[in-house]
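Colleague: Can you walk me through this one? I have a few quick things to ask.

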Amino acid sequence: MKINCLSCGHTIDLDETYSDYEGQVKCYTCSALLEVKLEESLVKAVKFLKLTRSADDGI
Ligand SMILES: [Zn+2]
C-alpha cells in the first residue's frame, strides 16, 4: 500500500501489515510524521503532524 506524504509528496511504501492500521507513520524522505487511518488496505485519513528532522526524534 502506498500513501503520499503531505509534507513532501513522496510516496511512502507500507507493507500489508498496515492494511488495517491507525496511528503514526514517518516519511523517510523528509522525516514528516503523519497520522494515518487505514482500513482494508484503503487510506481513510492522512493528517500531517509535524516534522521530526530535529534532534528530539524519539521514535
Ligand atoms: Zn515526506
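Modeller: Start with cysteine 5: its relative accessibility is 4%, so this residue counts as buried. Keep in mind that this is a predicted model.

Colleague: What are the protein donors of the zinc ion?

Modeller: They are Cys5 (SG), Cys8 (SG), Cys27 (SG) and Cys30 (SG), at 2.2 to 2.4 Å from the zinc ion. Along the sequence, the donor residues follow the spacing C-x2-C-x18-C-x2-C. The pair of cysteine 5 and cysteine 27 links distant parts of the chain, 22 residues apart. Cysteine 5 sits in the loop between β1 (2-4) and β2 (11-13), and cysteine 27 in the loop between β3 (21-26) and β4 (32-39).

Colleague: And which arrangement do the four donor atoms make?

Modeller: Tetrahedral, because the angles they subtend around the zinc ion are 108 to 112 degrees. For reference, the ideal angle for four tetrahedral donors is 109.5 degrees.

Colleague: What about cysteine 8?

Modeller: Cysteine 8 has a relative accessible area of 37%, so this residue is partly exposed.

Colleague: Changing topic. What is the overall fold pattern along the sequence?

Modeller: The chain reads β-β-β-β-β, with five strands and zero helices. It has 59 residues, of which 27% count as buried. The accessible surface of the chain is about 4100 Å², and carbon and sulfur atoms account for 45% of that.

Colleague: How much of the contact set joins residues at least 24 apart?

Modeller: 24%, taken among contacts between residues at least 6 apart in sequence.

Colleague: Which residues make up the largest nonpolar core?

Modeller: There are 11 residues in that core: Ile3, Cys5, Ile12, Leu14, Val25, Cys27, Cys30, Ala32, Leu34, Val36 and Leu38. The element that gives the most to this core is β4, with four residues. As a general point, nonpolar side chains in soluble globular proteins tend to be buried together.

Colleague: Take valine 36 from that list. What is it in contact with?

Modeller: Once neighbours within four places in sequence are left aside, valine 36 is in contact with Ile3, Tyr21, Glu22, Gly23, Val25, Ala45 and Val46. Of these, Ile3 and Val25 are also listed in the largest nonpolar core.

Colleague: Now phenylalanine 48. Where is its place?

Modeller: Phenylalanine 48 is in strand β5, which covers residues 42-51. Its relative accessible area is 36%, so phenylalanine 48 is partly exposed.

Colleague: What does phenylalanine 48 touch?

Modeller: Not counting residues up to four places away in sequence, phenylalanine 48 touches Leu6, Ser7, Ala32, Leu33 and Leu34.

Colleague: Where is serine 31, and is it buried or exposed?

Modeller: Serine 31 is in the loop between β3 and β4. With a relative accessible area of 16%, serine 31 is buried, because the cut-off for buried is under 20%. Leaving out residues up to four places away in sequence, serine 31 touches Lys26, Lys50, Leu51, Thr52 and Arg53.

Colleague: How far is serine 31 from cysteine 8?

Modeller: They are 9.4 Å apart, C-alpha to C-alpha, and 23 residues apart in sequence.

Colleague: And what is the phi of serine 41?

Modeller: About 65 degrees, positive although serine 41 is not a glycine. Serine 41 is in the loop between β4 and β5, and its relative accessible area of 43% makes this residue partly exposed.

Terms used: Residues are numbered from 1 along each chain as its sequence is written. This is a predicted model: local features need pLDDT of at least 70, side-chain atom pairs count only at pLDDT 80 or more; totals for chains, interfaces and linings use all residues. Side-chain values use heavy atoms; hydrogens and water are left out. Buried means under 20% relative accessible area, exposed over 50%, partly exposed in between (1.4 Å probe, protein chains only). Donors are N, O and S atoms within 2.8 Å of the metal (3.2 Å for Na, K and Ca); water is not among the atoms, so sites may look incomplete. Four donors count as tetrahedral if all angles lie between 85 and 135 degrees; four count as square planar and six as octahedral if opposite donors are over 155 degrees apart and all others between 65 and 115; anything else is irregular. Helices (H or I, at least four residues) and strands (E, at least two) are DSSP runs, numbered from the N terminus. A nonpolar core is a set of buried Ala, Val, Leu, Ile, Met, Phe, Trp, Tyr and Cys residues joined through side-chain atoms within 4.5 Å. Contact means heavy atoms within 4.5 Å. Accessible areas come from the Shrake-Rupley method with a 1.4 Å probe; for residues, only the protein chains shown count as cover.
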